[in-house]
Every structure is written in C-alpha cells, then in structure tokens.
Amino acid sequence: MKFFIDTANLEQIREAQDLGILDGVTTNPSLMAKEGISGHDRVMKHYVDICEICVDGDVSAEVIATDYDGIIREGEALAALHANIVVKVPMIKEGVKAIRYFSDKGIRTNCTLVFSAGQALLAAKAGASYVSPFIGRLDDVSTDGVQLIEQIRLIYDNYGFNTEILAASVRHPMHIIQCAEIGADVMTGPLSAILALLKHPLTDHGLAQFLADHRKAADASR
Ligand code: E4P
C-alpha cells in the first residue's frame, strides 16, 4: 500500500519523507489555506516546493474552477508545473468530463470528494488515475467509510479498472490498517496517523529492558 501524507505543511512533508516511507502528498484548498498559502503565484510555487521535497512521489494539486473550461485551464497549468503533479478534480459532472479529457491527454488525475460506489465507478470509467473516497467524513455522518473502500475494491476488481483506490480523509491508525486489510492501493492521512503506527507500549518496555540489561552487563565487566 502506498502512503501519502495529507497536508500542505512543508515541515511535516519533510519529516515523512525523511522517514523513508512516503509515496506522495495530497493537498486541498482548505489545507493550503491552513498554511496561509494564497494568491496564484504563491500557490503554484508551494506545489513546486512540495514536489521538490517528495521527489519521487505523486503530488495532488486541486483545481478551484467548477466549470469545464476552467477545470481544463487550471489542470493544464498545474500539470505543467512538475512531472509529479496529479490534477485533483472534484466529482461533479464537469469534473468527470474534464477527467476524460485529461486522461486522453496523458495528464494524471485524482477524482476527489467521492462518497459513493456509483461515483467511484464513474471516476474509473472516465479514466481517473486515482479515486479518493473520504472515509473519515463518512464515519462523521454515521456511515461506514471503510465499507465503501471494500465495495469499490470489489467493483474495480470485477472489471479490471486501473484507477487506484486512494483512501482519503484517514483520521487514525486503525483506518490505515483496515484499508490495508481490504486492499486500498493508497491511503492519505495526517502525519500523526502515520507516526501512530510506530507505537506499541511493549516495544517501549522491551527496548528499555534491553538497554538496562546492556548497561548492567557493561558495568559488571568493568
Ligand atoms: C483528500 O485528498 C483530502 O485532502 C482529505 O483526505 C480530506 O480529509 P479531511 O476529511 O480530514 O479534511
């Protein structure tokens, strides 16, 4: 399973990259705003900065336009920024048309804001490179987000769609584990959820014991 980090924070992206497990980055307009990044030139430069940190990974950059011509214009400009850019397009009618256009032109896309199997099926048929079901936001409204990933996995496997399932809106380590069990191709989540996978009290306890025993043996041999 590929690990993407869901942030526009350069320090966090660097930290995940330094860990050696990062396969890509997803951003969205809210995450960019959270980092105080606004204005066309600053936004474009920020995407390039992200690509230069996550050198071998895919970086999703989202269009703001919601009309077909606008999505095409913005998407082409984003794709021209760097080879690693994947154009993030919302699951709306104009977005589906634009995904087909981008796919025919060899521009990679991430279809975002997906909340149902039907939407995921349409995204795959339009040729999206990635589909992003938002599992945390489904959980927020008492609907099983992980179950949606399972449904999409079944549908894509039935027909051999190449679109990668990118489990988005991941909130905690159990989401990551459940997505891995089900066979999501990618997960994107905050650094905290990724780092939480490291943690186990028996690891901490075991390490403390090993180090204490090592010290004791060293003292005894002096
Ligand atoms: C996905 O690409 C989105 O950026 C993201 O995962 C949304 O997550 P949230 O529901 O935690 O805002």
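I take a disulfide to be a pair of cysteine sulfur atoms within 2.5 Å. By that cut-off I find zero disulfides in the structure. Cys54 is in none; the nearest cysteine sulfur, that of Cys51, is 8.0 Å away. Cys179 is in none either; the nearest cysteine sulfur belongs to Cys111, 17 Å away.

I note the basis. The model is predicted: local features need pLDDT of at least 70, side-chain atom pairs count only at pLDDT 80 or more, and totals for chains, interfaces and linings use all residues. Residues are numbered from 1 along each chain as its sequence is written, and side-chain values use heavy atoms, with hydrogens and water left out.

Next, burial (buried is under 20% relative accessible area, exposed over 50%, partly exposed in between; 1.4 Å probe, protein chains only). Cys54 is buried at 1%. Cys179 is buried at 0%.

Then I turned to α8, residues 145-159. Helices (H or I, at least four residues) and strands (E, at least two) are DSSP runs, numbered from the N terminus. The 15 residues of α8 reach 22 Å from first C-alpha to last, close to the 21 Å expected at 1.5 Å a residue; the expected span is 1.5 Å times one less than the number of residues.

Which residues of α8 are buried? I list Gly145, Val146, Leu148, Ile149, Ile152, Arg153 and Tyr156. They cover an arc of only 145° around the axis, so they sit on the same side of α8; the arc is that of the directions from the helix axis to the C-beta atoms. Gln147, Leu154 and Asn158 are exposed on the other side.

Last, the ends. Asp144 caps the N-terminal end of α8. Just after α8, Gly160 takes a positive phi of about 65°.

Notes
A polar contact is a pair of N or O atoms within 3.5 Å; within protein, one must be able to donate a hydrogen and the other to accept it, and residues adjacent in sequence count only if both atoms are side-chain atoms.
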